[in-house]
Structure formats: structure tokens, C-alpha cells
Amino acid sequence: MTDTHDHHTIEEALQKVRAGDVDEFEIVVRTFERPMRAWLAGRASPGIDIDEVAQRSFVAAFTRLDQYEPGTNFSAWLFSIARYQLQTEATRIRRVADYRSRWASDLLTRELERQQDEKPELLEMRLEQLKHCLGFLEDSMRQFVDWRYRDEISLEEMAEKSGRSVAAIKKQLWLLRNKLRECVKMRTAALE
Amino acid sequence: MNSDSREQFETLWTNFLEGELDDAETDLLRELLTSDEELRQMAIELYQTHRLLGLLIQEESTGNDGFIEGVMSEVLRHQESFDSRAMKRVREQAQAQSRSAPALVRQRPVPSTWHRKWMTVSMMGISLLMMIWLAGKVLRDDQRLAHRGNDGQSTTVETVEPPVKFSRVAKARFFGELTPAADSTVTLHQSYVLMSGMVELLFPGGAQAIIEGPAVFEAQPDNCLAVNLGRCSVHAPDGAEGFRVETPDTRVVDRGTRFTVDVSEFNETKIQVVEGIADIYKSASPRSASRGLRPDTLNLEVDENEFATTTGARAEEVRLRSKEAIKVLAESGFIVTPEVFDAQRHRMQLPDRVVSYTATLNEADGKSELLETVTVQRGGEEVTYAADDLIPVELIGFRVSRNQGRFDHVLGGEELVGHPAQALADHSLVTGVINPGGSVASLQSSPVLNSDPENNVLGTPGMAVRFARPVKNGPGPDIVFFEIHPLPSPADGDAFHVSPLQLTSGKKSHTIREYDLSVNSPEALPVTRMLAHEAERGEIESLAALQKAKFSLRPVRLEYRALAVGIDLSDLGYAPGEEAEGLFIQDAEDNDIYVDPVLIGGLP
């Protein structure tokens with residue numbers, strides 16, 4: 001995730017933070033923000049706000065910085081904190097979820113945890129591949145991505161805007177996600 | 001995977017990701033995924049695609065600067081925590097060593113002044129509140145120490161979420177701290193001891209909880225209220241589902257509902273659902289038997305297995321629906337028994353009352369002078385009235401009830417302007433007719449207003465006022481009454497009796513011993529400098545004598561606040577819609593300090 005150059009940069013920044021230059025922590029955040037959020041996005045069960053967990057993880061790393069041993073693997077240390085934070089949030093969500101929704105959370109958590117050996121870099125790579133795949137989408141399909149993930153409008157509104165039924169919109173979303181899934185899978189396999 | 005199951009999966013998984021899966025579909029999807037490894041893998045990949053898409057589009061739309069700024073803002077907020085961390089660790093180590101000797105845990109330092117207070121408080125109820133509060137404090141400290149992981153790294157962090165607020169406050173008095181202002185922030189993890197009155201808390205998720213004193217409670221992160229003693233009425237509107245109330249023995253999880261939780265000092269928790277659904281679980285804390293608050297939700301060491309996967313599958317999990325009530329006794333096991341549902345126990349809102357007021361500020365000292373507006377909750381609705389809209393009063397009777405010593409009867413400027421009685425009719429909070437006569441007992445018959453001492457006709461001690469036009473009995477308070485009260489003072493405000501001018505046809509006196517805005521209320525504003533008009537002859541036996549009295553002026557040096565209370569004509573026996581011409585007011589003679597009215601106004 002971080003090359004040698006980055007490693008030195010991070011260690012230097014951490015040293016300055018310890019000396020009282022808190023602004024240097026921004027270097028840490030900028031370096032790990034994307035891999036952290038990508039990792040969380042691929043690991044978080046439903047209902048979890050990944051940005052919230054990522055933010056808590058960075059803040060926890062900052063406040064516990066005296067526990068990090070300089071020169072060791074900061075990335076691994078940071079992600080171990082994030083893993084704890086994710087577990088905590090998953091526990092909270094699970095407790096407040098009712099039975100019907102809890103099973104899905106449980107199932108996904110179990111399945112996602114089975115992949116825990118996956119390195120955080122892998123999810124960042126998938127995120128990058130997804131970006132490429134998104135670029136190949138036809139405009140008509142891309143429109144649904146924007147409606148669903150950028151504008152966050154309801155299925156009914158999408159149906160109204162596109163002149164289709166809600167059932168057709170659901171089908172379209174299925175096709176869209178499946179197409180992107182297959183594209184990411186293919187590109188990732190080619191790179192591995 | 002056959003084509004049928006694939007098609008079913010397409011529909012169901014899309015419904016799941018869109019949040020539209022109904023109960024029957026949930027069961028079907030679970031069966032499909034349980035039996036088909038290939039489908040499970042596909043589900044995971046689709047789910048990850050779905051989450052990564054969300055992240056990618058967010059990056060495209062807003063970049064990552066917002067996130068980084070947010071993190072850095074929080075980091076800076078925690079800078080003090082970082083700086084003091086070394087010292088904190090030293091303290092924690094010292095405390096951990098202390099904890100190795102059990103007797104020392106009970107001797108955990110308690111602020112000495114509080115300890116002294118506790119030792120001297122004679123009322124059993126107060127002692128009980130304090131004991132519970134202290135127990136919760138010690139246990140929370142222990143729990144925070146216990147959060148450290150085996151590797152020496154703490155697994156706890158402070159949460160980042162909008163604050164919990166005291167959204168409304170009604171006659172609330174806390175032990176050991178000032179009454180919070182409405183809309184002020186609740187300190188997370190702080191145990192509040194509400195001695196009397198009520199507060200309404202608003203949580204970030206939208207849930208509202210009304211807590212009635214006496215109560216011991218604590219707001220926790222992630223939309224959670226811990227109640228160690230007392231009653232709370234919760235309303236979780238749409239979107240606030242999942243709000244939790246933790247008691248020493250139970251966890252009540254809201255599913256979109258109104259419910260009431262009542263924790264007694266005898267380890268009993270009564271829970272009832274007014275509408276909607278709530279799930280009740282046995283508390284997660286192994287310390288529940290000793291009445292400590294449960295560990296906060298970020299503690300990773302909480303035993304997951306204490307919660308069954310199916311609601312209702314174990315005795316420790318109960319789902320309550322509308323109009324259902326239970327009692328939980330957790331001293332030996334977790335005993336749940338049905339309870340009689342009582343809608344009256346659920347409080348939908350704080351009582352009608354004077355909520356706040358605004359006033360002009362004196363240029364010299366920046367303190368309040370002329371009333372501008374007053375906000376009153378009437379029939380559950382908060383209404384703000386301009387001072388000009390209030391129905392003013394005219395003083396029509398006055399008599400003191402003691403005739404010795406120095407006595408001030410009028411407040412005002414350096415010179416009396418016109419009729420002394422007019423000092424009560426203006427908008428000023430520092431002019432009034434004060435120290436009327438009183439009686440320990442309230443009136444049982446109509447007061448005598450036409451005092452004529454020369455003909456041996458003595459009026460009833462007190463003061464009579466007539467409204468410029470009749471005041472109609474509407475919902476909640478119909479009249480606002482302001483008095484000034486000094487700081488410091490042994491009482492929260494001067495008690496008084498209020499009666500109709502004629503005690504006929506079901507009319508009655510009513511005694512007001514508590515002000516809506518008392519000395520303890522931040523909404524009771526400090527008033528500007530006043531001059532007291534001291535009657536040279538202390539005994540004022542009639543309104544005529546007050547008008548003719550010679551006064552000497554003296555400045556009032558103590559700091560005073562303007563207190564306010566609403567008077568509901570229903571309490572005086574008026575029927576809804578019935579009109580009152582005036583009021584008779586007497587001090588309740590419960591102490592040496594007499595009531596000091598500065599403004600009385602009818603609500604239009």
C-alpha cells in the first residue's frame with residue numbers, strides 16, 4: 001500500500017506530530033484515506049457509515065500515537081485499529097437491528113470476515129478497477145448510477161424520470177451492478 | 001445454481017440492497033443463500049460493488065478534501081487528549097494498581113464537597129440518588145480502565161456525533177450542578193442526578209426522551225440513554241428507530257415507537273409500549289446486579305452471546321407491542337412478568353408553562369429591564385407573546401399583614417412617577433408593587449377589597465388586581481406572573497396564594513410554590529439596578545394609604561433575577577372559556593421573604 005518513499009514520509013510526519021506539529025497528521029490522512037475507505041467499503045456490513053468508521057479510526061490512531069512503535073509497520077497498525085472500529089460499529093448495528101435485518105448483517109459479516117486474509121490493497125485495487133469499468137458504461141446506464149448513488153433518489157422517482165416501471169428499474173440496477181461486478185472481477189484477475 | 005434460483009436471487013438481492021425486502025422475501029433469500037455457496041459468493045461481490053460504487057461516486061462528486069478536513073478537524077479537537085495522554089496513562093496505571101486491592105475500589109476519591117454534602121443530607125430520597133450516582137460513577141471508571149486490550153492498546157475512542165441536547169427543561173433541579181438551559185448540550189457519560197422537575201433530551205437520531213425527577217441518567221454515544229433510576233418517556237419518530245434505553249438490568253431497543261421505562265430503587269424495571277414496537281433484552285453488563293451503568297457501546301469486550309439471534313426465543317428477549325407492559329426483576333435471573341398497561345404513565349410532552357422571556361438590556365449594566373416577549377407553552381404548543389399583547393392589570397387593593405420594621409412596597413426609578421400602583425402595569429421588570437400581605441392558609445371566602453381602617457373595616461391582607469379586559473380561561477397558563485428574587489436566597493422563589501376576586505360558584509384559591517422559571521433557571525434573567533421605595537410608616541393598610549404614603553428611596557444592592565410562572569385559571573375553578581376579571585394575591589408566609597410582583601399580564 002505504501003512504498004518505501006511513502007514509508008519514510010509517514011514516519012517523518014509521525015515524528016513531527018509527536019513533537020507537537022499536529023498539522024503533519026494530514027499527510028497520514030491523505031496517504032491512507034482512500035485505501036482505508038475502500039477497505040471499509042468492501043468489508044462493512046449494511047447500515048455502517050464507512051466514513052464515520054474511517055474518521056474514528058484516524059482519530060483513534062492520533063490519540064493513541066504513543067502506542068505505535070516508530071519504524072514498524074504503521075499501515076498494519078492503522079488498519080488493525082480500523083478493524084476494531086469496524087467490529088465495534090458492526091456490533092452496535094447488529095444490536096439495534098431487528099431480527100429480520102440482523103440475519104443479513106450476520107451473514108454478510110461472516111462472509112466478509114472469511115475474506116479477512118485479503119490485503120487492504122486489494123480493495124483499493126478493486127475500487128480503481130471499478131472506476132475504469134464505470135468509464136465504459138453506456139450513458140443510459142451511467143444515468144442510473146448517478147441517480148442511485150449521487151442523487152440518492154427513490155426507485156419511484158427513477159421510474160418517473162425514465163418512464164419505466166419500478167420493477168424495470170430494479171432489473172436495470174441488477175444488470176448494472178452485475179455488469180460492473182463482472183468487469184471488476186475480470187480486470188482484477190488479469191492484474192493478479 | 002439453477003435458473004429459477006438465480007432469477008429469484010436477482011430480485012431478492014436487489015430488493016435487499018434497495019431496502020425493500022419484506023419478511024417473506026427475507027426468509028426466501030435466507031434459504032437461497034444458506035443452500036448455495038455460489039450465490040453467497042455472488043452476493044458478497046455484488047454487495048462490495050454496491051458499497052464501492054457509493055464511495056466512488058462520492059469521490060467524483062465531492063472529492064476527498066471534505067473527508068480529510070473533517071478528520072483533521074476532529075484530530076485538532078482531540079489534540080488536548082493526545083497531549084495529556086502520557087499523564088493519563090500514568091494515572092490509569094496508578095488506578096489499575098489501586099484496583100488490585102478490592103477495598104480501595106470503594107474508597108475511590110469522591111470530590112470532598114460532594115462527599116460532605118452526601119453525609120449531611122438527611123432526606124432518604126436524596127441519599128438514595130447519591131448512592132446510585134456514585135455507584136454508577138465508580139463502575140464506569142472501572143469499565144473505562146477495563147477497556148484496555150491484552151496487547152496494551154486501548155480499543156476505545158471517543159465518538160464523533162452531533163451532541164445530545166437538553167431540548168426542554170421544566171422546573172428541573174439537579175444535584176451538584178446548575179440547571180441547564182434549554183438547547184444546551186448534554187455531556188456524554190456524565191451521570192446527572194435530577195432531583196425534581198423534568199427535562200427533555202433530544203438525541204442526534206431524532207429520538208426524544210422526557211425524564212422525570214427524581215432520576216439518575218446518563219447520555220451515551222450512539223443514541224443511547226442510560227437510566228439508573230426514575231422514569232423516562234421515549235418518542236422515536238421515523239428515522240430514529242434503534243434508539244436504546246439502558247437500565248441496570250435491561251436494554252430497551254426502539255423499533256419506531258413510544259414507550260415508557262420506569263426504573264425503581266428496588267431493582268424493578270417497568271416497560272410499556274404506548275404505540276409501535278420495542279424489544280427488551282437482558283442487559284449486557286455483567287455488573288448489572290450491582291446497578292452500574294453498562295459499558296459503553298464501543299467496548300469490544302462485551303459478550304456477544306448474551307443476545308439470542310431470535311427475538312423472543314429466550315426469556316431474556318421480549319418483544320412488546322402497543323398497549324403491552326412488563327415488569328423485569330433481575331435480582332435472581334431475569335424474571336419477566338406482565339404488568340398493567342397505564343397510558344397515564346407515559347408523558348407525551350413537558351407540562352404547560354412559561355418557557356422563557358426576552359427583555360431589553362439596560363445600557364449601563366447590560367441587564368434586563370423591559371419585557372419584550374414571553375414564550376408560554378399552552379396546550380402543548382409554544383406561543384410567543386409580545387409584551388404589548390399582554391392584558392395589563394390595575395392595582396385595586398393592597399394591605400400588608402405586619403406593621404413593624406422597615407418595609408419596601410414599591411420598586412421604581414429615583415422618583416415616583418404618577419400613581420405608585422402604576423408600577424405594576426408597565427412592561428418594566430424592575431418596577432412593581434411588592435411585599436403585599438399574606439396568610440399561611442389560602443382564602444376560603446372572598447377577600448375584602450374595600451379596606452376602610454377609619455371605620456374599622458380591614459381589608460384582607462394581600463393585593464388585588466383587575467385586568468384591563470377579562471382574561472379567558474384557555475389551554476394551559478392564562479396569566480404570566482413575574483417577581484424579582486435576590487441571589488443568594490434560601491428559596492427558589494416566593495410562594496404565594498392566588499384567588500379569584502370572588503370565591504363563588506366553585507371558585508377556589510391556588511397556591512404557587514414553584515416558579516416555571518426559578519432562581520435555578522438560566523432563563524430567569526438578571527435585572528438591572530432598582531430603587532426600593534421604603535414607606536416611612538411601615539404599616540400600609542389600604543390602597544389609599546399606599547397612594548398617600550411618603551417614601552424614602554434606597555438602592556437595591558443585591559443581584560436580583562426576574563422569575564416567572566404561569567397561572568392557569570382552571571386551577572382557580574374557572575371553566576374552559578370562562579373569563580376572569582382580576583386576581584387576589586397573598587404571600588404564603590412560609591418565610592420572612594414576601595412575594596415581589598413586578599409584572600402581571602393576562603394572555604390574549
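Here is a short tour of some helices and strands.

Before you click, note that this is a predicted model: local features need pLDDT of at least 70, side-chain atom pairs count only at pLDDT 80 or more, and totals for chains, interfaces and linings use all residues. Residues are numbered from 1 along each chain as its sequence is written, while chains are lettered from A and ligands numbered from 1 in the order in which they are written.

**Stop 1: two helices from two chains**

Helices (H or I, at least four residues) and strands (E, at least two) are DSSP runs, numbered from the N terminus. Axes here are lines fitted to C-alpha atoms, for helices over the stretch in contact, and angles run from 0 to 180 degrees between N-to-C directions.

Which residues of helix 3 of chain A meet helix 4 of chain B? Show Asp51(A), Gln55(A), Phe58(A), Val59(A) and Phe62(A); across from them are Phe67(B), Gly70(B), Val71(B), Glu74(B) and Val75(B). Contact means that the C-beta atoms, placed from the backbone, lie within 7 Å.

**Stop 2: a five-strand sheet**

Stay in chain B and colour the strands in the order 17-20-27-22-23: they make an open sheet with antiparallel pairing. Two strands pair if DSSP finds at least two bridges between them. Strand 17 (393–399) and strand 23 (510–512) of chain B are the edges; each has a single partner strand, so one side of each is left without a neighbour in the sheet. Neighbouring strands of this sheet are turned by 25° against each other on average, direction ignored.

Zoom in on strand 22 (residues 496–499) of chain B, which is joined to strand 23 of chain B by three bridges. There, His497(B) has Thr511(B) as its bridge partner.

**Stop 3: a four-strand sheet**

Next, pick out strands 19-18-24-25 of chain B, in that order: another open sheet, with antiparallel pairing. Strand 18 (residues 408–412) and strand 19 of chain B are joined by two bridges, and Leu411(B) sits opposite Gly432(B) in strand 19.

**Stop 4: strand 1 and its partners**

Finally, select strand 1 (residues 164–174) of chain B. Three bridges join this strand to strand 2 (residues 184–186) of chain B, with Lys165(B) opposite Thr185(B). Strand 1 of chain B also pairs with strand 3 (residues 192–202) of chain B, antiparallel over seven bridges; look for Arg173(B) opposite Ser196(B).

How values were computed:
Contact = placed C-beta atoms within 7 Å.
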